[in-house]
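Subject: Structure handover and notes

Dear colleague,

Please find the structure below, together with an account of what I found when going through it. I would be glad if you could read the notes with the model open beside them.

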Amino acid sequence: MKETPLSNCERRFLLRAVEERKRLDGRQSYDYRNVRISFGADYGCCIVELGRTRVLGQVSCELVSPKLNRATEGILFFNLELSPMAAPAFEPGRQPELLVKLNRLLERCLRNSKCIDTESLCVVAGVKVWQIRVDLHLLNHDGNIIDAASIAAIVALCHFRRPDVSVQGEEVTLYTPEERDPVPLSIHHMPICVSFAFFQQGTYLLVDPSEREERVMDGLLVIAMNKHREICTIQSSGGIMLLKDQVLRCSKITGVKVAEITELIQKALENDRKVRKEGGKFGFAESIPNQKISAFKMERAPVDTNDVEEQAEEIIMKADPPSDFVAKPILRMPGTAQIGEGLENSWGDFEESEREEEEEGNSDDATTSGGQKMETEEINIVSKTKKDDDTIILSDSEEEEVVILEPEETHKKTR
Amino acid sequence: MAGLELLSDEGYRVDGRRAGELRKVRARMGVFAKADGSAYIEQGNTKALAVVYGPHEMRGSRSKALHDRALVNCQYSMATFSTGERKRRPHGDRKSSELTLHLKQTFEAAILTQLYPRSQIDIYVQILQADGGNYCACVNAATLATIDAGIPMRDYVCASSAGFIEDTPLADLNYVEEAAGGPQVALALLPKSDQIALLEMNSRLHEDHLEQVIEAASKACKDVYAVLDQVVRDHVHEVTTLLGE
């Protein structure tokens, strides 16, 4: 299904918000969303939630014969899947540009940076090596897939345990997990991608763009770094023109962010290890809250209410006093009453008969702006008791009165 | 290849160049009569051919037409005989798709697409011999071809690669240096305004060295710009003399 296009007013709203350094979810320009890492029951399975973007990572291994030109190295295979579950815009079967871009970026970030020691994956040189396969599935798309995917990949790899193997001469014995404890992979460093969204030809930049921000951005810069401040990959995309000092500034910000995220990952891995050792319950069943069907939850956002009263007073003093118009119920016939009259329909010339048949519902005085919005709802107010002595009883003689309201001065016609 | 030094003690690289030296660049414009613009470039042993058609009406799906600018359609392919071992898939594999996307991104930023709404500009690049710096040779060839086609651009787009060995940045890597696995940067630059159209980096590089490497790549791009500019001026001079001014 084709992606719903973003309306112009929403686009303008987002761009104006960026100019005023405000984001829709209340973050600062350089803030990340909350990262949550949960592990499955098997080794090598994890779900990473970056805000509402969710990626599932699963690592598996297999003994295969090595590539001809690299006989002593294991094989690493990365695959990111975008299914329609993540966003209706992703169609099954067709491989969109985004998928190629993300997959290549992940490959370069994880394979070319040599984060995993491939020599240690060799069992018998030239005959048998381990093939490690990392499968990533995007479960929900709320922006910044690449960051979440890179975190999921590296966490899954750190969490994974491969079966132990012993070689005696020509004989290779593969031990099952029951016979011997599985062995972790040897990981040199943890590269993490950080995305920067650029707006207005690079004047404004945001870290960790959400899906809406991604739609209106000019371009994206992805920097992958590890905690030793070594850059593993840089990729600029979109039609933006960058300047050298912008790139350098982004790399400094990346250093800070990667340190935070790496710490979080270490803590999560440590917790999981502890739980498994102590024999506690682990796995997705524990970490995903089960009282909600969808398992999505809104995090509590702290709202600063310190000077709300002063601000509110200021606004109230400056604002115009509310209009004195009080809606009085109009009794049409016994059993049917009407409160308020809507504004005149400005869509076009209706037939007289159609207009008489319509009943206009109550519309807020505060929200309607001078006859632009028309809400024609059929509200049947059944048996409204007359409390006010001021109720107007409509007679058959339909005189047209012009009611002018202060202070808005809207021109209304009553029926 | 153990024991192969990429940078000797005297400061010479594998092919005898200095650290900041580019390979020899030879280029020709207008190699095909049928295409709107075409160019052939040789950077050392890397040979690339670029052909530009356009701007013309949208072919294929009309729905992809953009109402306010031209669509830039690129295709990058490597000839099967271009690498040491015969290439099984000239285009369509992941690496080629990625390079196609990068080319498209680079030229969408450089070409003044607002002048041609609802139309399409095709850029086809073919690598005839790959000896390192494939993407950079493609970008340089495509720039020349676009100029040959008469399509207005903001500035030349010049690309160069750079690496980092033993605290020295190297400019314009060849295949041996790329295959060694050290850090590599590919940079596409608009020389007059120093704006980066594409920046791509692979392998590990410490943050502190990033500035040096980008500097080396920028300088190499400006050197390429000098050569390309000369090629364009010579070609225009040749064509105008043939027309009989």
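Two strands are taken to pair if DSSP finds at least two bridges between them, and this is the sense in which the hairpin of S8(B) and S9(B) is meant, a hairpin that has four residues between its strands and in which B:Asp194 takes a positive phi near 60 degrees. Please keep in mind throughout that this is a predicted model.

I begin with that hairpin and its surroundings. S8(B) and S9(B) pair in the antiparallel sense over seven bridges, and within this pairing B:Leu187 has B:Leu199 of S9(B) as its bridge partner. Strand S6 (residues 158–165) of chain B also pairs with S8(B), again in the antiparallel sense, over six bridges, with B:Ala162 facing B:Val185 of S8(B) as bridge partner. Strand S8 itself, residues 184–190 of chain B, has seven of its seven residues buried, and the cover extends to both faces: B:Gln184, B:Ala186, B:Ala188 and B:Leu190 are buried on one side, and B:Val185, B:Leu187 and B:Leu189 on the other.

B:Asp194 also forms a salt bridge with B:Lys222, in which the closest N and O atoms are 2.9 Å apart. This pair links distant parts of the chain, since B:Asp194 lies in the loop between S8 and S9 of chain B and B:Lys222 in helix H4 of chain B, 28 residues apart. Both ends are partly exposed, B:Asp194 at 35% relative accessibility and B:Lys222 with a relative accessible area of 32%.

Next, the contact between the two chains. Chain B contributes 31 residues and chain A 35 residues, and between them the chains bury about 3,000 Å², 53% of it on carbon and sulfur atoms. Of the area that chain B buries against chain A, 26% is supplied by B:Arg94, B:Arg204 and B:Glu207, more than by any other three residues.

Across this interface there are nine salt bridges and 19 residue pairs in polar contact, both residues being at pLDDT 80 or more. The elements of chain B that each supply at least two residues of the side touching chain A are helix H1 (94–110), strand S9 (195–202), strand S10 (205–206) and helix H4 (210–243), and the largest share, 10 residues, comes from H1(B). By class, that side of chain B has 12 nonpolar, eight polar and 11 charged residues.

One of the salt bridges joins the side chains of B:Glu98 and A:Arg104 at 2.7 Å, N to O. These two residues belong to a network of salt bridges that links A:Arg104, A:Glu107, A:Arg108, A:Arg111, B:Arg94, B:Glu98 and B:Glu200. The chains also meet through strands: S14 of chain A (residues 230–238) is joined to S10(B) by two bridges and runs antiparallel to S10(B), with B:His206 as the bridge partner of A:Glu230.

In chain A, the side chains of A:Arg23 and A:Glu213 meet at 3.0 Å, N to O. A:Arg23 lies in the loop between helix H1 (8–19) and strand S1 (35–39) and A:Glu213 in helix H4 (residues 211–216), so the pair ties together parts of chain A that are 190 residues apart in sequence. A:Arg23 and A:Glu213 are both buried. In chain B, the side chains of B:Asp131 and B:Arg23 form a salt bridge at 4.0 Å, N to O. B:Asp131 is in the loop between strand S5 (119–129) and helix H2 (134–149), whereas B:Arg23 is in the segment before strand S1 (25–29), 108 residues apart, and both are buried.

Finally, some backbone points to check. Most residues other than glycine have a negative phi, and most peptide bonds are trans. The bond from B:Gly54 to B:Pro55, however, is cis, with omega near -10 degrees, and B:Pro55 is placed in strand S3 (residues 46–57) of chain B. B:Glu166, in the loop between S6 and strand S7 (168–171) of chain B, has a positive phi of about 50 degrees and is exposed, with a relative accessible area of 60%. B:Ser203, in the loop between S9 and S10 of chain B, has a positive phi of about 70 degrees, but is buried, with a relative accessible area of 9%.

With best regards

Methods: Residues are numbered from 1 along each chain as its sequence is written. Chains are lettered from A and ligands numbered from 1 in the order in which they are written. Side-chain values use heavy atoms; hydrogens and water are left out. Contact means heavy atoms within 4.5 Å. Buried area is the accessible area (1.4 Å probe) that two parts lose on being put together, summed over both. A polar contact is a pair of N or O atoms within 3.5 Å; within protein, one must be able to donate a hydrogen and the other to accept it, and residues adjacent in sequence count only if both atoms are side-chain atoms. Ala, Val, Leu, Ile, Met, Phe, Trp, Tyr, Cys and Pro count as nonpolar, Asp, Glu, Lys and Arg as charged, and the others, Gly among them, as polar. Buried means under 20% relative accessible area, exposed over 50%, partly exposed in between (1.4 Å probe, protein chains only).
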